[in-house]
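Open the model in your viewer and keep the selection panel at hand. The tour goes stop by stop: what to select, then what is there.

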Amino acid sequence: MKYSYISRTLLTNETLKVVSLYIELKNWTDVKKTVLEENLLQKNKTSSQKRQFREIKARLEKLSDELLDYLNQSDINTAKLT
């Protein structure tokens with residue numbers, strides 16, 4: 001299995017932003033477009049934004065809709081435990 005250097009961090013704040021947007025849009029293409037256009041991950045380089053988004057999306061796609069809803073309603077400390 002291939003891991004990138006950011007796989008070592010949870011990216012909890014960033015993940016919660018992406019979860020919230022996905023719950024709203026229900027479309028990964030639209031989520032990615034919004035994340036990049038609005039620089040929601042607060043990265044200086046577009047390549048960094050894309051890489052981090054790809055990592056977060058890969059994690060979130062494995063979760064059920066129920067768990068995504070739970071994360072969306074969670075505070076940061078609860079999300080870290082999930």
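**Stop 1: aromatic rings**

The structure holds 2 aromatic pairs. Rings of Phe, Tyr and Trp (its six-membered ring) pair if their centres lie within 6.5 Å; planes under 30 degrees apart are stacked, over 60 edge-to-face, and the rest tilted.

Select Y22 and W28. Their ring centres are 4.3 Å apart and their planes stand at 15°, so this pair is stacked. Both Y22 and W28 are buried. Here buried means under 20% relative accessible area, exposed over 50%, and partly exposed in between, with a 1.4 Å probe and protein chains only.

W28 and F53 make an edge-to-face pair, 6.3 Å centre to centre with 65° between the planes. W28 lies in helix α2 and F53 in helix α3, so the pair ties together parts that are 25 residues apart in sequence. How buried is F53, by relative accessible area? F53 has 3%; W28 has 16%. Together, Y22, W28 and F53 form one aromatic cluster.

**Before the next stop: the model**

This is a predicted model: local features need pLDDT of at least 70, side-chain atom pairs count only at pLDDT 80 or more, and totals for chains, interfaces and linings use all residues. Residues are numbered from 1 along each chain as its sequence is written, and side-chain values use heavy atoms, leaving out hydrogens and water.

**Stop 2: the whole chain**

Switch to cartoon. The protein chain has 5 helices and 0 strands. Helices (H or I, at least four residues) and strands (E, at least two) are DSSP runs, numbered from the N terminus. Of the 82 residues, 32% count as buried. Contact means heavy atoms within 4.5 Å. Among contacts between residues at least 6 apart in sequence, 54% join residues at least 24 apart.

**Stop 3: helix α3**

Select residues 46–60. This is α3, with 15 residues. From first C-alpha to last, α3 reaches 21 Å, close to the 21 Å expected at 1.5 Å a residue. The expected span is 1.5 Å times one less than the number of residues.

Which residues of α3 are buried? Colour S48, Q49, Q52, F53, E55, I56 and L60. They cover an arc of only 160° around the axis, which puts them on the same side of α3. The arc is that of the directions from the helix axis to the C-beta atoms. An α-helix has 3.6 residues a turn, so residues three or four places apart point the same way.

Now show what covers those buried residues. The cover includes α1 (12–25), α2 (28–37) and α4 (65–73).

**Stop 4: the nonpolar core**

Select V18, W28, V31, V35, F53 and L60. These have the most contacts inside the largest nonpolar core, which has 15 residues. The elements giving two or more residues to this core are α1, α2, α3 and α4. The largest share, 5 residues, comes from α1. A nonpolar core is a set of buried Ala, Val, Leu, Ile, Met, Phe, Trp, Tyr and Cys residues joined through side-chain atoms within 4.5 Å.

Centre on L60. Not counting residues up to four places away in sequence, L60 touches T15, V18, V19, W28, L68 and L71.

**Stop 5: the salt bridge**

Select K57 and E61. Their side chains meet in a salt bridge, 3.6 Å from N to O. The structure holds 1 salt bridge. The term needs a side-chain nitrogen of Lys or Arg within 4 Å of a carboxyl oxygen of Asp or Glu. K57 is partly exposed at 25% relative accessibility, and E61 is partly exposed at 45%.
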